[in-house]
Amino acid sequence: MAREGALPVDGPRAIMKMNHENTGFDCPGCAWPDDTKGLHLDICENGIKHVTWEMTRKRVGREFFAAHSVTELAGWTDYDLENEGRLTEPMVYDPGSDHYVPISWKDAFALVGRTLRELEDPNQASFYTSGRLGNEATFLYQLMARELGTNNLPDCSNMCHEASGRAMQASLGTGKGTVDLADWETADALFIMGVNAASNAPRMLTALTEAHARGAQIVHVNPLVEAAARRAIIPHDFKDMATFHATKTSTLNLQVRIGGDMALVRGMAKAILEQSATDPKALDQEFVARHTTGFEEYKAVCEATSWEEIETQSGLSRADVLEAARVYREADRSIISWCLGITQHEHGVDTVREIVNLLLLRGNLGREGAGPSPVRGHSNVQGNRTCGIDHRPAEEFLDRLAEVCGIDPPRAHGLDTVGTIKAMRDGDVKVFVGMGGNFALAAPDTPYTYEALRRCELTVQVSTKLNRSHVVHGRRALILPCLGRTEKDHQRKGIQSTSVEDSMSMVHLSIGMKRPASPHLLSEPAIIAGMARAALPDSATPWEWYVEDYDRIRDTMAKVLDGFEDFNRRVRLPLGFRIKQPAREMVFLTPSGKAEFAAPPLPDVVPKPGLLALGTMRSHDQWNTTIYSDDDRYRGVKNLRTLVFMNRSDMRERGIADMAPVDITSTAKDGSRRHLNGYLAVPYDIPRGCAAGYMPEMNVLCALGDYSTQSDQPIMKHVKVTIEPAS
């Protein structure tokens, strides 16, 4: 892609600077930690795509918008919109001409400020965040929202890992995983659940190949056996790249039915408990007695869960479950890692708590090479939550924010993503601000979300490239172009760095190295400060002073955020610093002061006759809603996205031929139906009763009301559908 983007010099130079400790920029892609061994090329294919996509020499300026109406652009594909290149100056929608036209930064901020000030209630505004926003901008963003008077701070976690945070908070008193990359390097067994590592966290493959080489057991649990669940070629291993030598990344693959992961883990726990009757070492009784509560209730639930139920709900044989339990039993130190295949279900919280239960049985917590390890998908989504993007903020955090920043933050819970969409549609939210991302395309129930955005008085999108959210807008709309992660951020006190937090709680600096795509771009902190000053003209918060030198923002963050003490010094250490994790030190901030077992019943995830459980996913040549091409080479797909992967027996039962067009219909909880017609059925190795296809195209099938009552997440991985030959 560096060649296609005409970046023969800048592309390779950027790749050499990516993910280097405190001297380079953090990859805008996934949140996998930077290598601790000082690799010169700590990179992956997706990271290279992401960076060169951002560094394209193509530009979208006033001439482009003058030539194309919004109505015309709405008919373009999402690939074609983003492929036009980088945005260059602020634009405002002109309803008379149906075009975006230039607007000065001063006037753009004035429009935002005036509209926010005229609201009858600050809760009529909602402030969305994608995972690309750095920590300093994140802190300013939440400060602005709360000084305005609202906790309406939806974020992409509401659609991805909300279940993980709520489950681990309940079980361990922390919303984050407890392991770091060094633990991955010493674990005896790694369980990778609901993760397609090749697309979601490609740099994980280094850890998997190294683990296999040292003899660790690696168990992949997923309805589809993905390419990286067998073997991989590591980009920074020049010998393997030159010889196309692939290294194994697994010792066992288990194809659970969609939603059957909890039953598998319950079965593993049941096996451990049964073995402990004759082998006391199967269960870490001292750990359980000293550090946990609720064990007897959990043991009783495991005993009451029959093997027949476990087999039915998991879609696996008892022998498969016992094999997984054997691997876990024989490993001294085990890590269980998971992603959206676990969380985007009605019972996502219960499943994550079940994972923690299993870890507790053998004391796999608070020691090297062991513990829970959720895989966050976007580069700073965990940092967003750490630094205050939370619609349900803790009272302690609000108290410190009030004391340090001299504001009176609201105490009532705000709206999450689903709540924001409903409120926009009902007219209760009139202003929507999106910091990064592509909200219109990422959200569920696409037509409903589009209508909700169009009912807003004002939509504001802070972006680097043109996308669907710019052509699905409110009555008034602004496009505010920002610097990319790869670009130099010049402020009054010099070139600035921003910090990010990876999925294992390491915080480090990111410093751009490239000239900005346009002299009219502003940094995200500067854009937030401009909106804040316009909306809060009498604010005592020193918005402009903060933007002059981001160290000043970090000094304030150090006083507000737990674990950020001495922020400016520690973030400049080699590899930065790790935020303290009390549960790793066996300190559990739960009501009982101990790790808490949970004992919910197994959910029934077997589709009713005639129905299939459909999960949405990304293709290999895609990052979130950004589509680099219509290919998915790891799954053998060329130039096609409107497809559905099906079990061949399910196809035969429905009279569907290979690659034949089909109609897909989803049935929501409220009985309403949604349709996709003319998709092609691709036979694939997937359990019976299951199907899969690409987001964002299939987001239309997930009704807004189909969200988990446990986490409020849209159930993107468990949509109930019928699939029939096209009419």
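## Charges over rings, ring pairs and a buried leucine

R425 lies over the face of Y448, 4.4 Å from the ring centre. R618 lies over the face of W623, at 4.1 Å from the ring centre. A charge sits over a ring if NZ of Lys or CZ of Arg is within 6 Å of the ring centre and within 35 degrees of the ring normal.

This is a predicted model: local features need pLDDT of at least 70, side-chain atom pairs count only at pLDDT 80 or more, and totals for chains, interfaces and linings use all residues. Residues are numbered from 1 along each chain as its sequence is written, and side-chain values use heavy atoms, with hydrogens and water left out.

The structure holds 19 aromatic pairs. Rings of Phe, Tyr and Trp (its six-membered ring) pair if their centres lie within 6.5 Å; planes under 30 degrees apart count as stacked, over 60 as edge-to-face and the rest as tilted. Two of the pairs are tabulated.

| Pair | Centre distance | Plane angle | Class |
|---|---|---|---|
| F64 and F65 | 5.5 Å | 80° | edge-to-face |
| F645 and Y694 | 6.1 Å | 85° | edge-to-face |

The second pair links distant parts of the chain: F645 is in strand β26 (residues 643–646), Y694 in strand β29 (residues 690–694), 49 residues apart. Strands are DSSP runs of E, at least two residues, and helices runs of H or I, at least four, numbered from the N terminus. Both F645 and Y694 are buried, meaning under 20% relative accessible area (1.4 Å probe, protein chains only).

F64 is buried at 10% relative accessibility, and F65 at 1%. Ring pairs link F64, F65, W76, Y93 and Y100 into a cluster.

L398 lies in helix α21 (residues 395–405). L398 is buried, with a relative accessible area of 0%.

Definitions and conventions
Buried < 20%, exposed > 50% of the residue type's maximum accessible area, 1.4 Å probe, protein only.
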